[in-house]
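Please walk through this model with the structure open beside the text. Take the strands, the salt bridges and the pocket in turn.

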Amino acid sequence: MNKTIQLQDLGAKDFKDTWDYQETLFKAILDTKIKNRREDAGLETANHFLFVEHPHVYTLGKSGDLSNLLLTAEQLEEKGATFYKINRGGDITYHGPGQIVGYPILDLDNFFTDIHKYLRFLEEVIILTLAEYGLKSERSPGETGVWLDVGTPFARKICALGVRASRWVTMHGFALNINADLGYFDNIIPCGIRGKAVTTLNNELGIDTVDETEVKQKILKHFSVLFDSTFTTVS
């Protein structure tokens, strides 16, 4: 089993371009698995992890409700935002500057073949990362992602999750709000959940700006431990 993960930080990149790139990596892993199955080729399958920051964009998962987008096409254009229906699970979410988006494109045959466990591990990576900043975050029953003050009137979401998997190969991933403009969340019903707020790390810490590079390093540290993996940086 290959437990090395190729890490790429794409910086600021258009959502559709990144989605297309994910699909290319995803398909290459699937093609290798199919070749191994048909020809007993014994080829090693790759694993990838992409960090990216998107321009303002709203994405709707395949089980989502379009009515959770509260903007018309004209209003989207006015706000400099785009919208895509995509092939991950979950409902609607927002991506934009000040948010760390992570896309693990893994062959889970290299780790464990359990999607529920995979989602819980992604959440745990974020929970452990936020704990390093003194925040107690947790899961909310029946609501994928990472939250603060669960079970209180002040419950608020700080990280959204949505994945796709086929033949144990994953794509899409998580979006952690670090220094994001929360005003953009007012234009949707985030993840289709009414009456609950969204927050950012800098708001929770009461500071202007959190060092996003530092947060990424902490994410990778906890991901590596939980997935018993090592990262190698590629250009």
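The text below goes from strand pairing to salt bridges and ends at a pocket.

This is a predicted model: local features need pLDDT of at least 70, side-chain atom pairs count only at pLDDT 80 or more, and totals for chains, interfaces and linings use all residues. Residues are numbered from 1 along each chain as its sequence is written, and side-chain values use heavy atoms, with hydrogens and water left out.

Start at strand β1, residues 4-12. Helices (H or I, at least four residues) and strands (E, at least two) are DSSP runs, numbered from the N terminus. Two strands pair if DSSP finds at least two bridges between them. β1 pairs with strand β12 (residues 230-233) in the parallel sense, over four bridges. Thr4 stands opposite Thr230 in β12. β1 also runs parallel to strand β2 (residues 48-53), with five bridges joining the two. Here Asp9 stands opposite Phe51 in β2. In a regular strand the side chains alternate between the two faces of the sheet.

What links these strands? β1, helix α1 (residues 15-39) and β2 make a β-α-β unit, and the unit is right-handed. That is, with the strands pointing away from the viewer, the path from the first strand over the helix to the second runs clockwise.

Now turn to the charged side chains. How many salt bridges does a search of the whole structure find? The search finds 15. A salt bridge is a side-chain nitrogen of Lys or Arg within 4 Å of a carboxyl oxygen of Asp or Glu.

One of them sits in helix α1. Lys27 bridges to Asp31, with the closest N and O atoms 2.8 Å apart. Both residues lie in α1, four residues apart, about one turn of the helix. Buried means under 20% relative accessible area, exposed over 50%, and partly exposed in between (1.4 Å probe, protein chains only). Lys27 has 48% relative accessibility, so it counts as partly exposed. Asp31, at 37%, is also partly exposed.

Another salt bridge joins Glu123 to Arg139, the closest N and O atoms being 2.8 Å apart. Glu123 lies in helix α3 and Arg139 in strand β7, so the pair ties together parts that are 16 residues apart in sequence. Arg139 is partly exposed, at 31%. The pair belongs to a network of salt bridges that links Arg120, Glu123, Glu124 and Arg139.

Lys218 forms a salt bridge with Glu132, and their closest N and O atoms are 3.1 Å apart. This pair links distant parts of the chain: Lys218 is in helix α5 (residues 212-226), Glu132 in the loop between α3 and β7, 86 residues apart. Lys218 is buried, with a relative accessible area of 17%. Glu132 is partly exposed, at 35%.

On a 1 Å grid over the protein atoms alone, a pocket is an open set of points where a 1.4 Å probe fits, with protein on both sides within 12 Å along at least five of seven lines. Lining residues have an atom within 4 Å of a point.

The lining holds 30 residues, of which Gly90, Thr144, Ala160, Leu161 and Gly162 lie nearest the centre. Elements that each supply at least two lining residues include α3 (115-131), β7 (137-140) and β8 (143-148). β9 gives the most, with five residues. The lining divides into twelve nonpolar, eleven polar and seven charged residues. Ala, Val, Leu, Ile, Met, Phe, Trp, Tyr, Cys and Pro count as nonpolar, Asp, Glu, Lys and Arg as charged, and the others, Gly among them, as polar.
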